[in-house]
Amino acid sequence: MKIVIFFVLVALAIAQETYPSRYDNIDIDEILQTDRLFKNYLNCLLETGPCSPEGTVLKKYVPDAVATACSKCTEKQREVTTKVVKFLIERHPEEWKILRSKYDPDNNFAEMFREEAVKFGITI
């Protein structure tokens, strides 16, 4: 019986796993509206420039978040992801294409995210 309880607890812990929320309160609007900051994060993700500590964490989790349609994201991380995707599609479509080709070459995230994106007026 103890072993069953142990496995149930492990399963619950795994099911509730989320990405670290340490940077959830970062000012994403400032990053998106400041060309220098935006380019720094973009270059970090594209591995064409150095990464800040926040950028390093972002780069670490983006592949998994894309592969799982942000299934481990906190609610705040989902909001930020939606805001960033919308910003990229509307204001930086070329950068969006480059990021998609790097992190979502088979359009898996785009397909999984499409329905949710429509709710926010985003056309993928």
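1. D64 has a relative accessibility of 27% and therefore counts as partly exposed. The model is a predicted one, and this value is computed from it. D64 is in a salt bridge with K72, and their closest N and O atoms lie 3.4 Å apart. K72, at 25% relative accessibility, is partly exposed as well.

2. How many salt bridges does a search of the whole structure find? It finds five. The pair D64 and K72 is one of them, and two others are taken up in the next points.

3. K83 and D29 form a salt bridge in which the closest N and O atoms are 2.9 Å apart. K83 belongs to helix 5 and D29 to helix 2, residues 28-33, so this pair ties together parts of the chain separated by 54 residues in sequence. K83 is partly exposed, with a relative accessibility of 37%. D29 is also classed as partly exposed, its relative accessible area being 39%.

4. K97 and E94 form a salt bridge as well, with 3.6 Å between the closest N and O atoms. Both residues lie in helix 6, three residues apart, so about one helical turn separates them. What are the accessibility classes of K97 and E94? K97 has a relative accessible area of 51% and counts as exposed, whereas E94, at 49%, counts as partly exposed.

5. On the overall fold: the secondary structure of the chain consists of seven helices and zero strands. Read from the N terminus, the order of elements is α-α-α-α-α-α-α. The chain has 124 residues, of which 29% count as buried. Among contacts with a sequence separation of 6 or more, 64% are between residues 24 or more positions apart.

6. Helix 3 (residues 35-45) packs against helix 4 (residues 53-67) at an angle of about 45 degrees, and their axes are 9 Å apart. The two helices are therefore classed as oblique to each other. The crossing of helix 3 with helix 4 is right-handed. On the side of helix 3 the contact is made by Y41, C44 and L45, and on the side of helix 4 by E54, G55, T56, L58, K59 and V62. Sorted by class, this contact has five nonpolar, two polar and two charged residues.

7. Helix 5 (residues 75-91) and helix 6 (residues 93-103) pack with an angle of about 125 degrees and an axis separation of 5 Å. This pair, too, is therefore oblique. V85, L88, I89 and R91 of helix 5 meet P93, E95, W96 and L99 of helix 6. Which classes do the residues of this contact fall into? Six are nonpolar, no residue is polar and two are charged.

8. The loop between helix 5 and helix 6 contains H92. Is H92 buried or exposed? Its relative accessibility is 18%, so H92 counts as buried; the cut-off is under 20%. Leaving out residues up to four places away in sequence, H92 touches F38 and F87.

9. F109 is located in helix 7, which covers residues 108-119. At a relative accessibility of 8%, F109 is classed as buried. Its contacts, not counting residues up to four places away in sequence, are with A65, V66, A69, T81 and D104. F109 and T68 are separated by 41 residues in sequence, and their C-alpha atoms are 7.4 Å apart in space.

Methods
Residues are numbered from 1 along each chain as its sequence is written. This is a predicted model: local features need pLDDT of at least 70, side-chain atom pairs count only at pLDDT 80 or more; totals for chains, interfaces and linings use all residues. Side-chain values use heavy atoms; hydrogens and water are left out. Axes are lines fitted to C-alpha atoms, for helices over the stretch in contact, and angles run from 0 to 180 degrees between N-to-C directions. Helices (H or I, at least four residues) and strands (E, at least two) are DSSP runs, numbered from the N terminus. Angles under 35 degrees count as roughly parallel, over 145 as roughly antiparallel, 65 to 115 as roughly perpendicular and the rest as oblique. A crossing is left-handed if the near helix is turned anticlockwise from the far one by less than a right angle, and right-handed if clockwise. Contact means heavy atoms within 4.5 Å. Ala, Val, Leu, Ile, Met, Phe, Trp, Tyr, Cys and Pro count as nonpolar, Asp, Glu, Lys and Arg as charged, and the others, Gly among them, as polar. Buried means under 20% relative accessible area, exposed over 50%, partly exposed in between (1.4 Å probe, protein chains only). A salt bridge is a side-chain nitrogen of Lys or Arg within 4 Å of a carboxyl oxygen of Asp or Glu.
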